[in-house]
Amino acid sequence: MQKLSMDQLGRPSVETFRAQAKLPVTLILDNVRSMHNVGSAFRTSDAFALERIVLCGITGTPPHREIEKTALGATQSVVWEHTADTAATVGKLRQNGYRILAIEQAKESIPLQEFTPETGEKYALVFGNEVHGVSDEVMKIADACLEIPQSGTKHSLNIAVSVGIVLWEFYRKYLAQGQTTR
């Protein structure tokens, strides 16, 4: 077995990526403290061709050395914006036809593997602060809550890991429905 070279991977240029069709998902980071987690969210959003990231509250923004360390240039390919108030941002997305899904451990949460994105629907996925999770204000107005099942002794996963798991599951399910982002 031989690894593929960068040329053999056939990745699009930043310009081509920005023009291509995207997964109908907006990633919302709700007061995420770690710049490395932010950078990882950018890189994962690029990998699965999300439409954009909204960085809310105290979440750090590019350009920042620690974000770039893990983003590896994805801050140039993924459309992003910063807003001060996560709940207000979620409200605007809802008005624009997005279904709001908090990623959190909560009563009545839906196990991730049991959720299937609906064709034609747009989603906003909210990931919360490393200590406090998704804010109570956003939890009150979310349409649903998705939870990543866990069987170990720890009560949570790192945000970067959670973003990767959830986005892969969305991407995989879109592909299974015959939908692509390219």
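Visitor: Leaving aside its neighbours within four places in sequence, with which residues is L125 in contact?

Guide: This is a predicted model, in which local features need pLDDT of at least 70, side-chain atom pairs count only at pLDDT 80 or more, and totals for chains, interfaces and linings use all residues. Residues are numbered from 1 along each chain as its sequence is written, and side-chain values use heavy atoms, with hydrogens and water left out. Contact means heavy atoms within 4.5 Å. Beyond neighbours within four places in sequence, L125 contacts V25, T26, L27, I28, L101, I103, V166, L167 and F170.

Visitor: Which residues touch the most other members of the largest nonpolar core?

Guide: A nonpolar core is a set of buried Ala, Val, Leu, Ile, Met, Phe, Trp, Tyr and Cys residues joined through side-chain atoms within 4.5 Å; buried means under 20% relative accessible area (1.4 Å probe, protein chains only). The largest core here has 34 residues, and F42, L125, F127 and F170 touch the most other members. Two or more residues each come from β1, α3 (35-47), β2, α4 (65-71), β4, β6, β7 and α8, with α8 giving the largest share, 7 residues. Another core, of 14 residues, lies apart from it and includes L93, Y98, V138 and A142.

Visitor: In what order do the strands lie in the sheet?

Guide: Strands of a sheet pair through backbone hydrogen bonds, either parallel or antiparallel. Helices (H or I, at least four residues) and strands (E, at least two) are DSSP runs, numbered from the N terminus, and two strands pair if DSSP finds at least two bridges between them. In this model 7 strands form an open sheet, β3-β2-β1-β6-β4-β7-β5, with parallel pairing. Its edge strands, β3 (80-83) and β5 (110-111), each pair on one side only. Strands β1 (residues 23-30) and β2 (residues 50-56) are joined in the parallel sense over 6 bridges, and C56 in β2 is the bridge partner of D30.

Visitor: Which strands does helix α8 touch?

Guide: Helix α8 (residues 159-176) packs on the sheet and touches β1, β2, β4 (98-103), β6 (122-127) and β7 (144-147). Axes are lines fitted to C-alpha atoms, for helices over the stretch in contact, and angles run from 0 to 180 degrees between N-to-C directions. The direction of α8 makes about 165° with that of β6.

Visitor: How many helices and strands does the protein chain have?

Guide: The protein chain has 8 helices and 7 strands. Buried residues make up 44% of its 182 residues.

Note on methods:
Buried means under 20% relative accessible area, exposed over 50%, partly exposed in between (1.4 Å probe, protein chains only).
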